[in-house]
Every structure is written in structure tokens, then in C-alpha cells.
Amino acid sequence: MDECKLVVLGFGAVGQGVVKAVHKKKEFIKEKTGVALKIVAVADSSSSAICAEGLAEEELLKSKAIAGKVGAYPDCGSDLTGADLLDAVDYDVLIEATPTNIQTAEPAKSLTLKAFADGKDVVTS
């Protein structure tokens, strides 16, 4: 594998922290492993940004900070979220960071099970 396509669902403190870490460490990871990390989609509670060629981490953070939603990402904004986004994107790893109901485990439970059923890897918080 020379490329690992990431989807981040949930773009609060945890999701933004993951994107910051990817931005900070992606060159180091590529140098050490030969694998390029590429964020192809990010969703918050009301919108998303999707780009098969990869999203710029700094622009994701800027879009959320200025407009309050990742859907404001230039030319890549979408209203897809959750399972609909997972169906629309080619990805390798789901990073699941949505706020989760402690009694039902939703939406994390359904999203994680869907990703597993689709043969994807999952990282959750």
C-alpha cells in the first residue's frame, strides 16, 4: 500500500485534533513507511468536504473556524454525512469521532459496523 485514504466523521475537538496530527506527521509517516496519508472526506454534524484527490488539512480547519462547518471548504462542500458519505467515497480507513449517545452507542456503532461490513479499517475515540 503506497497510499491510505482517510475519512474523518466528527469534526469537533477530536476530529480536528486528528486532522492536525495528520498534517503534522504525514511527511514523517511517508518517509518512514512509504505510505502517503490522504484525507478524502471529513464530516461534521451538518455538512462535509469530499475530494478524491485529498483535502488540505489547513483549509479544513480554516473552513470550520470561519464558517462553522466543513461544508464551506472551497469547491468540495457537500451536505452528505454519516453512512451516505461512506457510500459516496472511496476510502481505506474510517476515523470515527462523532459525539456518541452513551445509551445507544449511536451514531458511532452503526457507522463502525457499516465500515467493517464494507471491509474497511476503523479508528475510534
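**Exercise 1. In which helix is the place of Ser63? Then decide whether Ser63 is buried or exposed, and list its contacts beyond the local sequence.**

The model is predicted.

Step 1. Find the element. Ser63 sits in helix H2, which spans residues 57-67.

Step 2. Check accessibility. The relative accessible area of Ser63 is 5%. Buried means under 20%. Ser63 is therefore buried.

Step 3. Look for partners, skipping neighbours within four places in sequence. Ser63 then touches Gly68, Lys69, Val70, Ala72, Tyr73 and Pro74.

**Exercise 2. Work out the strand order of the open sheet and name its edge strands.**

Step 1. Count and order the strands. The open sheet has 6 strands, in the order E4-E3-E2-E1-E5-E6. Its pairing is mixed.

Step 2. Read off the ends. Strand E4 (77-78) and strand E6 (121-124) are the edge strands, and each of them pairs on one side only.

**Exercise 3. Describe both pairings of strand E1, and find the bridge partners of Leu6.**

Step 1. Take the E5 side. E1 (residues 3-9) pairs with E5 (residues 93-96) in the parallel sense, over 4 bridges. Here the bridge partner of Leu6 is Val93.

Step 2. Take the E2 side. E1 pairs with E2 (residues 36-43), again in the parallel sense. This pairing has 7 bridges. Here Leu6 has Ile39 as its bridge partner.

Step 3. Ask how enclosed the strand is. Of the 7 residues of E1, 6 are buried, so the rest of the structure largely encloses this strand.

**Exercise 4. Place Glu96 in the fold and trace its surroundings.**

Step 1. Locate the residue. Glu96 belongs to strand E5.

Step 2. Check accessibility. Its relative accessible area is 2%, so Glu96 is buried.

Step 3. List the contacts, leaving aside neighbours within four places in sequence. Glu96 contacts Leu9, Ala108, Leu111, Thr112, Val123, Thr124 and Ser125.

Step 4. The C-alpha atoms of Glu96 and Val122 lie 7.1 Å apart, although 26 residues separate the two along the chain.

Step 5. Bring in the helix. Helix H4 (residues 108-117) lies across E1, E5 and E6. Its direction makes an angle of about 170° with E5.

**Exercise 5. Characterise the largest pocket by volume and by lining.**

Step 1. Give the volume. The largest pocket has about 280 Å³.

Step 2. Name the residues at its centre. Of the 18 lining residues, Gly10, Phe11, Ala97, Thr98 and Pro99 are closest to the centre of the largest pocket.

Step 3. Sort the lining by class. It holds 9 nonpolar, 7 polar and 2 charged residues.

Terms used
Residues numbered from 1 in each chain as written. Predicted model: local features only at pLDDT ≥ 70, side-chain atom pairs only at ≥ 80, totals over all residues. Heavy atoms only, no water. 1 Å grid on protein atoms, 1.4 Å probe; cavity = no way out; pocket = protein on both sides within 12 Å on 5 of 7 lines; lining within 4 Å. Points joined across faces, edges and corners; volume = space filled by probe spheres on them. Nonpolar A, V, L, I, M, F, W, Y, C, P; charged D, E, K, R; others polar. Pairing = 2+ DSSP bridges. Helix = DSSP H or I, 4+ residues; strand = E, 2+ residues; numbered from the N terminus. Contact = heavy atoms within 4.5 Å. Axes fitted to C-alpha atoms, helices over the stretch in contact; angles between N-to-C directions. Buried < 20%, exposed > 50% of the residue type's maximum accessible area, 1.4 Å probe, protein only.
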